[in-house]
Amino acid sequence: MRAVFFFVYLALGAGAAYGLNARLGQDWTMAGAGGAFVALFLGQVHFFLFSRSAPKADPRLDDAVAAQENTSRRVNVLEARTDAVETSLKHELTERRDALVTEMRQLEGLIERLSQTVASRAANGTPAPNGAAIPAVDPVLRDVKAALADDRVDLHLQPIVSLPQRRVSFYEGLARLRREDGSLILPGEFLDAARRARLSGMIDALTLFRCVQIVRKLAARDRRVGVFCNVSAVTLEDERFFPIFLDFMSEHRDLSGAVIFELPADDFIQRSREMRESMDKLAALGFRFSLDHAASLDLDLPRLQDAGVRFVKFRAQTLMDQLRDADGPRPTSSIMAQVKGEDVSAVFSRYGITMIADHLEDEAGVVEVLEFDVPFGQGHVFGSPRPIKASLMEETAPPPAFHQRLSAFG
């Protein structure tokens, strides 16, 4: 468009030069100068008029465009999260349905055994202090001893994933005992009976043996995945049994980077001198520890670091409640200022300790945990505890010599 106006003004300048020469008798030099002046004057007038009428850019328009682009990005993120939630919800409903069926079957078995126990008490007529009848032998303890004798100690694994990638980084090894009929003895049943009969060490040792074998098989496949193995305070304090436990781990100290011993946080906080010495011996071999069921963020991080604790698990809902509370509990560290909730994970990491949000059951909980940069998560939303394959159970079974060594302390 500008080129058209240029030629028009040039033509008018040429016309003015011709007029000056033909009409006014000016020579061509003066006439050409006059024509050039006319063309330049018209060009200047055009530039002045059009530059004033051209619209100026409104900064508010740029802000509106940027806001629209930001909104579009957020909409895309929300759509992606919605798809992920829908997929995870379908998977979770399927798993929960299967878990509910299993629990109902176990509950039916418990009710049946309870009915048989009541009938047996009534038949024996042995009075208890409250007027009821009691059997001569604890049936749960009898089942626990039989399961240990027949090597019916199964290993279930539950994944622990990195966030937000959800890559499986660890497994937690969970002991499950089976009765002769194949029904499970739940931890709520056998833990107390095993503790009273001083059988916790045997259960820990049999579970640990399988955990070690699992870690070796994963390492053979070049999978860098660690296993959390539960160990009780009773095992660490047992002066008869712990030396066997320590000897076994000394033979497998090359796995110190992949086997993590997990114990309840309350047991660690109230640990005895014997328990502290046992933990020091395992730490000297290079093994690390994890605290489970931590009830509060009010932990002494330097003390945990010195004891070899490298992981702490919190129930997700409890953790979120404390992190959101500006006046809630905070860990003891070298930081004197009040630590904000979103900075707590970084404070733990400063002491080489990793936070794990446990009992995550849905995607909403995962989103909340991510807001506070918690690096790892565990729960049914990522996978429920599952037994290892039957073929793997046979491959990882402790040899008879190992059983005989343990039975002397049963």
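Let's start with two helices: the axes of α6 (residues 200–220) and α8 (residues 242–251) come within 12 Å and cross at roughly 5°, which means that α6 is roughly parallel to α8 (angles under 35 degrees count as such). This is a predicted model, in which local features need pLDDT of at least 70 and side-chain atom pairs count only at pLDDT 80 or more. Residues are numbered from 1 along each chain, and side-chain values use heavy atoms, without hydrogens and water.

L208, F209 and V212 of α6 meet F245, F248 and M249 of α8, where contact means heavy atoms within 4.5 Å. The residues of this contact comprise six nonpolar, no polar and no charged.

Now to charged pairs. Side chains of opposite charge can pair when their charged atoms come close. The structure holds 15 salt bridges, each a side-chain nitrogen of Lys or Arg within 4 Å of a carboxyl oxygen of Asp or Glu. Among them are these:

| Pair | Closest N and O atoms |
|---|---|
| R166 and E363 | 2.6 Å |
| D254 and R216 | 2.9 Å |
| E262 and K313 | 3.0 Å |

R166 lies in the loop between β1 (153–162) and β2 (168–178), while E363 belongs to helix α14 (residues 363–371), 197 residues apart. R166 is partly exposed at 36% relative accessible area, whereas E363 is buried at 8%; buried means under 20%, exposed over 50%, and partly exposed in between.

R216 brings us back to helix α6, and its partner D254 sits in the loop between α8 and β5 (259–264). D254 is exposed at 53% relative accessibility, and R216 is partly exposed at 31%.

E262 in strand β5 and K313 in strand β7 (residues 309–315) are 51 residues apart, and both E262 and K313 are buried.

Terms used:
Axes are lines fitted to C-alpha atoms, for helices over the stretch in contact, and angles run from 0 to 180 degrees between N-to-C directions. Helices (H or I, at least four residues) and strands (E, at least two) are DSSP runs, numbered from the N terminus. Angles under 35 degrees count as roughly parallel, over 145 as roughly antiparallel, 65 to 115 as roughly perpendicular and the rest as oblique. Ala, Val, Leu, Ile, Met, Phe, Trp, Tyr, Cys and Pro count as nonpolar, Asp, Glu, Lys and Arg as charged, and the others, Gly among them, as polar. Buried means under 20% relative accessible area, exposed over 50%, partly exposed in between (1.4 Å probe, protein chains only).
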